[in-house]
Amino acid sequence: MRDSSEIMRNFAAMTQLKKNNKGPVQTLVWWLAIAAAAVVVGGIVYIAMTLPTGRFRYDNLVSYVAEERARLKAERVVTGPARVFDLTAPSAATTADSAMLAIAADSCRAAVISTFDDATPAVVRRCLLSWLTERGSVWMLRWKENGRDVFAAVFDSDVPRLVPEVYKRLADEKHVVPEEYVIPGRRFPYPIARRTPEGFVSVPADAGVPAVFVQMTKPWEMLVKGNDQIVSSFQRTPLKHFLSGVYVDFSAQSAFDISSVSGVTFNVDRAVARARVRNQPRIVEHIFTAAAVPADTCFLGSCAWYELSVDPSWTFHGDMPYGTARNDLIRTDIAIADASPLPARAREFFAAAPALATAVANVIADPDVRPDGDVVLSAFILGME
């Protein structure tokens with residue numbers, strides 16, 4: 001008979017073996033569950049990325065644009081009744097600096113009418129910066145009154161509401177038509193026009209960013225057929241200049257010389273629409289190139305129009321990346337790529353008011369005010385079978 005201690009040791013060893021071998025079935029079940037969950041999640045992600053966005057009917061698209069514009073508008077609130085400080089009136093009891101400081105501390109539209117003889121460049125600069133970076137755009141008007149230059153600094157939203165009222169007041173009360181110098185805000189609506197069989201028509205700007213819609217009638221794969229048709233001039237590419245006939249007037253603002261634009265493209269599906277709220281759009285790279293070409297004609301009261309030219313990149317062969325379906329809704333934002341401040345023009349316009357000349361020249365050189373990256377136009381492109 002074996003020793004009892006040996007029997008106990010063997011029993012303990014068998015118990016431990018059973019304990020160690022108890023988990024394989026449970027472990028297998030857990031691993032299968034994890035794998036199944038991964039497959040389900042992956043499938044959901046794939047479907048979300050590749051499902052055709054035919055759900056973006058025209059009414060859905062209009063709703064999406066309206067919601068986004070409302071969000072952009074809410075980001076830059078201009079509240080309260082407009083205030084006008086006419087310091088040329090005999091009863092005026094404040095100074096230009098005091099009026100400017102009051103505007104900087106408030107969020108309502110305002111105008112200061114003055115010769116600005118008593119203004120301080122630092123105070124004017126502070127007011128201009130706070131408005132341009134947080135609220136909207138600034139219109140500076142100039143006219144002659146009693147042999148001297150008088151200015152109106154109008155602080156308005158990017159889509160002006162007070163500016164027309166100031167123009168009317170100057171016409172009715174002072175019988176003048178002023179010259180204009182405009183410093184654009186971050187969402188300043190550059191005039192956009194589109195050529196139609198009836199002539200040139202304006203593209204309306206609701207919240208500072210005009211939009212156009214481009215409807216493709218064939219799948220993307222049929223619009224650009226293979227690498228042999230992708231040539232540098234895009235002469236044989238069916239998508240050549242698909243925004244031709246759309247024009248922008250960069251001269252609507254006075255402070256910057258705009259030399260080039262670029263296109264930023266992304267897919268507009270529900271996930272991306274939600275991500276846009278967090279300012280994290282899914283960029284679709286290497287799809288379209290954008291340029292602005294001087295127009296050879298004058299229309300809508302200006303000769304400074306540029307035609308927008310949008311072409312497929314040489315790397316785009318018709319197959320959309322990131323699992324994008326061929327009839328997905330694509331958005332291309334045409335943005336300012338390079339803008340140079342024009343301090344000489346500012347000093348010339350405000351020559352009779354040195355404080356304004358110095359302040360404006362300094363402000364337009366500030367990186368926070370320069371319009372590089374500002375969106376000029378949003379093009380919504382929908383390819384359908």
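This is a predicted model: local features need pLDDT of at least 70, side-chain atom pairs count only at pLDDT 80 or more; totals for chains, interfaces and linings use all residues.
Q: How do I read the span of helix 6?
A: Helices (H or I, at least four residues) and strands (E, at least two) are DSSP runs, numbered from the N terminus. The expected span of a helix is 1.5 Å times one less than its number of residues. Helix 6 covers residues 162-174, which is 13 residues, so it should span 18 Å. Its end C-alpha atoms are 17 Å apart, which agrees.

Q: Which residues of helix 6 are buried?
A: Buried means under 20% relative accessible area, exposed over 50%, and partly exposed in between (1.4 Å probe, protein chains only). In helix 6, L162, V163, V166 and L170 are buried. Seen down the axis of helix 6, its buried residues fall within an arc of 100°, so they line one face. That arc is taken from the directions from the helix axis to the C-beta atoms. E165 and K168 are exposed, on the face turned away from the buried side of helix 6.

Q: What do the buried residues of helix 6 pack against?
A: Contact means heavy atoms within 4.5 Å. The buried residues of helix 6 pack against strand 2 (110-114), strand 3 (137-145) and strand 4 (148-156). Just after helix 6, H175 takes a positive phi of about 55°.

Q: What is the strand order in the open sheet of five strands?
A: Two strands pair if DSSP finds at least two bridges between them. The order in this open sheet is 1-2-4-3-5, with mixed pairing. Strand 1 (83-86) and strand 5 (179-183) stand at the edges. Each has a single partner strand, so one side of each is left without a neighbour in the sheet. The twist averages 15° from one strand to the next.

Q: How many bridges join strand 3 to strand 4?
A: Nine bridges join strand 3 to strand 4, and the two run antiparallel. R142 stands opposite F151 in strand 4.

Q: Which helices lie on these strands, and at what angles?
A: Axes are lines fitted to C-alpha atoms, for helices over the stretch in contact; angles run from 0 to 180 degrees between N-to-C directions. Helix 4 (residues 96-104) packs on the sheet and touches strand 1, strand 2 and strand 4. Its direction makes about 170° with that of strand 2. Helix 10 lies across strand 3, strand 4 and strand 5, at about 35° to strand 5.

Q: Which strands does strand 6 pair with?
A: Strand 6 (residues 192-196) is joined to strand 9 (residues 246-249) by three bridges, running antiparallel. Here I192 stands opposite V248. Strand 6 also pairs with strand 7 (residues 199-202) in the antiparallel sense, over four bridges. R194 stands opposite V201 in strand 7. Strand 6 and strand 7 form a hairpin with two residues between them.

Q: Is S302 buried or exposed?
A: S302 is buried, with a relative accessible area of 12%. S302 is found in the loop between strand 11 (288-294) and strand 12 (305-312). A polar contact is a pair of N or O atoms within 3.5 Å; within protein, one must be able to donate a hydrogen and the other to accept it, and residues adjacent in sequence count only if both atoms are side-chain atoms. One of 3.1 Å joins the side chains of S302 and D249.

Key. Residues are numbered from 1 along each chain as its sequence is written. Side-chain values use heavy atoms; hydrogens and water are left out.
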